[in-house]
Amino acid sequence: MLGFSELQRDAITEVLNIAIGRAAAALNQMVDDEEVRLSVPCLDFISRSEAARRLHAETGGAPTVAVKQCFAGPVAGDILLIFPESRSLELVRLMLRNTAPLEAMTELEREALVEVGNVLLNACLGSIANLFRRPIDSSLPVYLEAGGDAILNLDGEADKEGRSLDTVMFVHVEFALAQRDVRGYLACVMDIASAQAFGQHVEDYVLQAIGG
Amino acid sequence: MAVGTVLLVDDSRVSRMMCRSVILRHHPDWQVLEASSGEEAIALCQGVSIDFMLIDVNMPGMDGVTTATRLKASHPGARITLLTANIQDTIREKARATGVEFIGKPITDEKIEGFLSQGVPGC
């Protein structure tokens, strides 16, 4: 049986809360201290296809843009920042304030979103690395534009319909700017071996924190 | 200091643009040079006096720590910082070991001006 005990899950959620909180703090600084609301992180062991289906449903099937980084080290996987396409420009405008002329926005939008992703995803990964006291290497951020279901990499074993059978640990959290219609998702996908390693590192962190 | 010269090294054009904007808001008469890679920065700096350098870490080609090490050797009078989204303690330690400072992104007025307002070493 895959998964974690209730206590392990609680500890993992706490570590994720710290990491996502660090990312939210970074976003807060980027948008002039506007409050960033976060949902509780949702952690599941499901197939990649099911993860993609859920993401598709949550984004209402609308076109989405995402920034993805692959990471490796004590744990490995993919971490993504995902926005409904229609709302991403609002965030970019907030972030750039008056540093870019409006006519240049379209050209800059992609680069700006990549930089938002770079900061937020690294805030997340960096705080996890610091808690684990182990370095995590990450790739340069990559920009993706697709439906929510296509954003997740579907490589791996698939059934006759092409649906991925690989089981992964899928974590996602929704965030929103309190005073504007800007929302998005942070999502992380790890294979089972990495998920187990992640659980072990969380356990080590908790033991260390309580002096065990 | 009267007029300063600042070098920004970052593969993100947006990041350079934001940083330039902060610098010029506080120091409108300063000169801001930009490079999109470590290699470009090293070539750009040859024979040029630079007061401040802000260098990203994760870049294609030469990484920021290597770039900072090389530029510190060629420009010992410059105040140099890593300016990066990679906030891991290991990167902070590399900055310390290299003898440069560390600023975590996102870019804010306070962080950039806090760095620039310290002046250059020995002044």
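In chain B, strand 4 (residues 79-84) and strand 5 (residues 101-104) pair in the parallel sense over four bridges. Strands here are DSSP runs of E with at least two residues, helices are DSSP runs of H or I with at least four residues, and both are numbered from the N terminus; two strands pair if DSSP finds at least two bridges between them. L83(B) has I103(B), in strand 5 of chain B, as its bridge partner. Between these two strands the chain passes through helix 4 of chain B, and the resulting β-α-β crossover is right-handed, meaning that, with the strands pointing away from the viewer, the path from the first strand over the helix to the second runs clockwise.

This is a predicted model, in which local features need pLDDT of at least 70 and side-chain atom pairs count only at pLDDT 80 or more, while totals for chains, interfaces and linings use all residues. Residues are numbered from 1 along each chain as its sequence is written, and chains are lettered from A and ligands numbered from 1 in the order in which they are written. The model has an ipTM of 0.78 and a pTM of 0.84. For chain B the average pLDDT (the predictor's confidence in each residue, from 0 to 100) is 93, and 97% of the residues score at least 70.

The sheet of chain B is open and has five strands in the order 2-1-3-4-5, with parallel pairing. Its edge strands, strand 2 (31-35) and strand 5 of chain B, each pair on one side only. From one strand to the next the twist averages 20 degrees. Within this sheet, four bridges join strand 1 (residues 5-9) of chain B to strand 3 (residues 52-55) of chain B in the parallel sense, and L8(B) has L54(B) in strand 3 as its bridge partner. Helix 3 (residues 64-74) of chain B lies across strands 1, 3 and 4 of chain B, and runs at about 170 degrees to strand 4. Axes are lines fitted to C-alpha atoms, for helices over the stretch in contact, and angles run from 0 to 180 degrees between N-to-C directions.

Chain A has six helices and eight strands, arranged from the N terminus on as α-β-β-α-β-β-α-α-β-β-α-β-β-α. Of its 212 residues, 42% count as buried, that is, with 20 or more other C-beta atoms, placed from the backbone, within 10 Å of their own.

Several pairings in chain A involve strand 7 (residues 167-177). Strand 1 (residues 36-38) of chain A pairs with strand 7 in the antiparallel sense over three bridges, with V36(A) opposite L177(A). Strand 2 (residues 42-47) of chain A also runs antiparallel to strand 7, joined by six bridges, and here I46(A) stands opposite V168(A). Strand 8 (residues 183-191) of chain A pairs with strand 7 in the antiparallel sense over nine bridges; V171(A) stands opposite C188(A). A hairpin of five residues joins strand 7 to strand 8 of chain A.

The two chains meet through 20 residues from chain A and 18 residues from chain B, where residues are in contact if their C-beta atoms, placed from the backbone, lie within 7 Å. On the chain B side, helix 1 (13-26) and helix 4 (89-98) each supply at least two residues. Helix 1 of chain B gives the largest share, six residues.

Terms used. A residue is buried if 20 or more other C-beta atoms lie within 10 Å of its own, exposed if 12 or fewer, and partly exposed in between; C-beta atoms are placed from the backbone.
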